[in-house]
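Biologist: Let us read this structure together. I will ask, and you will answer briefly.

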Amino acid sequence: MPLDQTALLIELEPVVATNLDRHLSLAKEWFPHEYVPWSEGRTFDGLLGGEAYSPDDSKLPDVARTALIVNLLTEDNLPSYHHEIATLFGRDGAWGTWVHRWTAEEGRHGIALRDYLTVTRAVDPVELERARMTHMEAGYSNDHPDEILHSIAYVAFQELATRISHRNTGKATGDPIAEQLLARVAADENLHMVFYRNLLAAAFDLDPNASMRAVTDVVAGFQMPGANIEGFGRKALSIALAGIYDLRQHRDEVLQPVLRQWNVFSRTDLSGDGEAARDSLASHMDSLEVQAARFEEKREARRVRLAR
Ligand SMILES: [Fe+2]
Ligand SMILES: [Fe+2]
């Protein structure tokens with residue numbers, strides 16, 4: 001029997017409670033200030049008459065700066081994300097405890113990244129602030145605002161996507177301090193992914209066909225949460241060319257492992273629309289494979305061309 005949205009919230013509440021306990025037992029307390037090299041900081045121009053920002057202030061590669069900006073702006077839109085999940089999941093019981101805990105953890109990510117970027121002068125602080133204003137004024141809205149299963153499926157993939165993107169951004173900086181910070185943030189994102197992944201696994205057992213449909217819809221329409229950042233297309237392309245986050249990683253390191261955990265391709269409890277959704281997911285994954293391979297070929301050709 002398909003469950004309505006309220007029934008889903010009620011049925012999943014004990015699963016939320018169990019996974020919240022699991023999360024709290026595994027999450028490590030950490031402090032953003034410990035990850036920032038404060039003594040490298042210098043006063044900026046303007047009110048206090050310090051030194052203006054110059055791109056030469058930092059040795060970080062351009063693409064690492066671009067990725068850091070995208071990752072930070074994505075974290076900055078937390079008020080919008082909080083609004084979306086608090087509206088959908090509610091603020092009561094285990095759901096509410098999770099919503100607030102998750103929000104508090106995500107808040108730390110933006111704080112840490114901004115402090116690091118400002119102190120090390122890795123990016124233009126005026127441009128960054130203007131980009132933050134533009135991005136937050138646009139806000140973020142969930143593609144499936146009234147659908148719990150779609151929303152859980154989306155965040156399961158999205159948390160893993162941000163984990164990979166943070167971790168690879170850290171590597172791309174070539175700065176052990178940034179790498180350490182981003183690895184720390186990525187570890188949080190991984191725990192968030194596990195929480196949502198476990199939740200959807202339980203939903204699959206409650207309502208396999210509706211869960212399958214939700215997963216297929218979300219995979220087919222997937223966009224990164226920062227996709228409405230100004231100039232995102234250009235930024236995402238340079239991030240993909242640098243191998244920080246590309247279609248191959250999206251398919252093989254984000255979608256595949258989560259789909260495998262839900263056993264989507266070997267489930268025996270699907271029928272009707274669930275079965276149809278699984279078929280369309282399979283062909284979508286095949287077409288992603290073709291696109292990813294094509295991108296890799298083009299990137300390699302470009303690398304050879306530039307090396308000449
Ligand atoms: Fe985050
Ligand atoms: Fe997260």
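Biologist: With which residues is V215 in contact, leaving aside its neighbours within four places in sequence?

Modeller: This is a predicted model, where local features need pLDDT of at least 70, side-chain atom pairs count only at pLDDT 80 or more, and totals for chains, interfaces and linings use all residues. Residues are numbered from 1 along each chain as written, chains are lettered from A and ligands numbered from 1 in the order written, and side-chain values use heavy atoms, without hydrogens and water. Contact means heavy atoms within 4.5 Å. By that rule, V215 is in contact with A153, F157, L200, F204, L259, W262 and L281.

Biologist: Which residues touch the most other members of the largest nonpolar core?

Modeller: A nonpolar core is a set of buried Ala, Val, Leu, Ile, Met, Phe, Trp, Tyr and Cys residues joined through side-chain atoms within 4.5 Å. Buried means under 20% relative accessible area, exposed over 50%, and partly exposed in between, with a 1.4 Å probe and protein chains only. Of the 81 residues in the largest core, the ones touching the most other members are F89, F157, Y196, V215 and W262.

Biologist: Which helix gives the most to this core?

Modeller: Helices are DSSP runs (H or I, at least four residues), numbered from the N terminus. The top contributor gives 13 residues and spans residues 176-206. That is helix 7.

Biologist: Which residues coordinate the iron ion (ligand 2)?

Modeller: Donors are N, O and S atoms within 2.8 Å of the metal (3.2 Å for Na, K and Ca); water is not among the atoms, so sites may look incomplete. Here the distances run from 1.8 to 2.2 Å. The coordinating residues are E106, E159, E189 and H192.

Biologist: Why is the arrangement around the iron ion (ligand 2) irregular?

Modeller: Four donors count as tetrahedral if all angles lie between 85 and 135 degrees; four count as square planar and six as octahedral if opposite donors are over 155 degrees apart and all others between 65 and 115; anything else is irregular. The arrangement is irregular because the 4 donor atoms subtend angles of 94 to 139°.

Biologist: Which residue bridges the two iron ions, ligand 1 and ligand 2?

Modeller: The protein donors of the iron ion (ligand 1) come from E75, E106, H109 and E189. E106 and H109 both lie in helix 4, 3 residues apart, and both are buried. The two ions lie 3.9 Å apart, and the bridging residue is E106.

Biologist: Is R121 buried or exposed?

Modeller: R121 sits in the loop between helix 4 (93-119) and helix 5 (125-138). Its phi is positive, about 55°, although R121 is not a glycine. Its relative accessible area is 2%, so R121 is buried.

Biologist: Over the face of which residue does R121 lie?

Modeller: A charge sits over a ring if NZ of Lys or CZ of Arg is within 6 Å of the ring centre and within 35 degrees of the ring normal. R121 lies 4.0 Å from the ring centre of F44.

Biologist: How do the rings of Y81 and Y140 pair, and what is the angle between their planes?

Modeller: Rings of Phe, Tyr and Trp (its six-membered ring) pair if their centres lie within 6.5 Å; planes under 30 degrees apart count as stacked, over 60 as edge-to-face and the rest as tilted. Y81 and Y140 have centres 5.1 Å apart. The pair is edge-to-face, with an angle of 75°.

Notes. Helices (H or I, at least four residues) and strands (E, at least two) are DSSP runs, numbered from the N terminus.
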